[in-house]
Amino acid sequence: MAAVQAEPLVSPVGSHNEWDPLEEIIVGRLDGVRIPSRHPVVACNIPPWAARLQGLAAGFRYPRVLVERAQQELDGFVTLLESLGITVRRPEAVDYGRRFATPDWSSRGFCNSCPRDSMLVVGDEIIETPMAWPCRYFETHSYRPLLKEYFRAGARWTAAPKPELADALFDPGFRVPKPGEPMRYILTEYEPVFDAADFVRAGRDLFVTRSNVTNRSGIDWLRRHLGPAYRIHEIESRCRTPMHIDTTFMPLAPGKVLVNPEYVDVGRLPPVLDSWEVLVAPEPEPIRDRLLKTASLCGKWLSMNVLMVDEKRVIAERHHTGMLRALERWGFEPIPCDLLHYAPFGGSFHCATLDVRRRGGLESYCP
């Protein structure tokens, strides 16, 4: 008797760029959030005032007023996504006060507010990333029920090599380079590490910033893993404490990219972008709230941390009116939303999400 051929599974995961029509997305949680545990790689990547506060309060709960404000805005953001017909999925709630350990070190956790950091979607594949913050070592475990569901339905699921995070990965003499000094990073090349949020996608081309959470070995690992079907281009950042590309360089639509004028020299962009329209982000509106300024883990350019619903519609922070006006001027349809108080937990709309499925195929948008 001839063997019965099983019907091929159609993956529920499929996202090739930052702008195809959005159908399904994972949004992070704030349940169980803790102030990140003390470590040099944490302190070097956040504003100095937040680093001082973090060092004193590492492992403790965030002040209730910070969590409640952010939670209210996060709930409104989820409601907005659902009103646009987008399926919203969430990770499990976790108590990040519990201590965990490897044979070499121990730590408490942080939170699962930013799925964009720990997982990278390339086509029908979800890649768990080897993050450099010890407090985030097991962060993807809260997403495992979703990952298993996607895998059983036909998605590809990969985990990059779990890093040791040994002392040899971190430069003990590191200090933040001053303006005009050669760029340096706290990471050595001891092993591959990277955050997914240091990459953005434009079909067959991905763009990356080397940073204090992404080393060259990590970039090389992803380049070899994806193979010749994709190209990875490095965006040079002038930021003295680089971490995550989505406040530096954000593709918004085919042939259109938003850049941070403080961090990016437009004349030094990769040649594959020569035909693209470069949109220079306006100066962000200042943050007046003293508690928010003190507790934020992010710089002022979160105004760039937008989420594309499709090639025209874009969810952007209501507070940053200059960005909203600029997006309109560039031909987009901004959807104002509040997420300003999410900054103490790692980001804004792009950081707080992971687009699982966008309607569209794999294309090349660069020569």
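In this predicted model, the largest nonpolar core consists of 54 residues, and Phe77, Leu81 and Ile315 have the most contacts inside it. Several elements of secondary structure each supply at least two residues of this core: strand 1 (22-27), helix 1 (40-43), helix 3 (64-83), helix 7 (290-295) and strand 16 (333-337). Helix 3 provides the largest share, namely seven residues. As a general principle, nonpolar side chains in soluble globular proteins tend to be buried together.

The surroundings of Leu81 may be examined in more detail. When its neighbours within four places in sequence are left aside, Leu81 is in contact with Ile25, Val27, Ile86, Val88, Leu307 and Ile315.

The cysteines form the next topic. How many disulfides does the model contain? The count is zero, where a disulfide requires two cysteine sulfur atoms within 2.5 Å. For cysteine 298, the nearest cysteine sulfur belongs to cysteine 351 and lies 6.2 Å away. Because buried means under 20% relative accessible area, cysteine 298 is classed as buried at 15%. Cysteine 337 is likewise in no disulfide, and the nearest cysteine sulfur, that of cysteine 351, is 15 Å away. Cysteine 337 also counts as buried, with a relative accessibility of 6%. The table sets out these values.

| Cysteine | Distance to the sulfur of cysteine 351 | Relative accessible area |
|---|---|---|
| Cysteine 298 | 6.2 Å | 15% |
| Cysteine 337 | 15 Å | 6% |

The report now turns to spaces within the structure. A search of the whole structure finds one cavity of 30 Å³ or more. The largest cavity holds about 50 Å³ of space. Its lining is formed by Glu18, Arg116, Met119, Leu120, Val121, Ala196, Phe199, Val200, Arg201, His350 and Leu354. Strand 5 (119-122) and strand 8 (199-202) each contribute at least two of the lining residues. Sorted by class, the lining of the largest cavity comprises seven nonpolar, one polar and three charged residues.

Definitions and conventions. Residues numbered from 1 in each chain as written. Predicted model: local features only at pLDDT ≥ 70, side-chain atom pairs only at ≥ 80, totals over all residues. Heavy atoms only, no water. 1 Å grid on protein atoms, 1.4 Å probe; cavity = no way out; pocket = protein on both sides within 12 Å on 5 of 7 lines; lining within 4 Å. Points joined across faces, edges and corners; volume = space filled by probe spheres on them. Helix = DSSP H or I, 4+ residues; strand = E, 2+ residues; numbered from the N terminus. Nonpolar A, V, L, I, M, F, W, Y, C, P; charged D, E, K, R; others polar. Core = buried A, V, L, I, M, F, W, Y, C linked by side-chain atoms within 4.5 Å. Buried < 20%, exposed > 50% of the residue type's maximum accessible area, 1.4 Å probe, protein only. Contact = heavy atoms within 4.5 Å.
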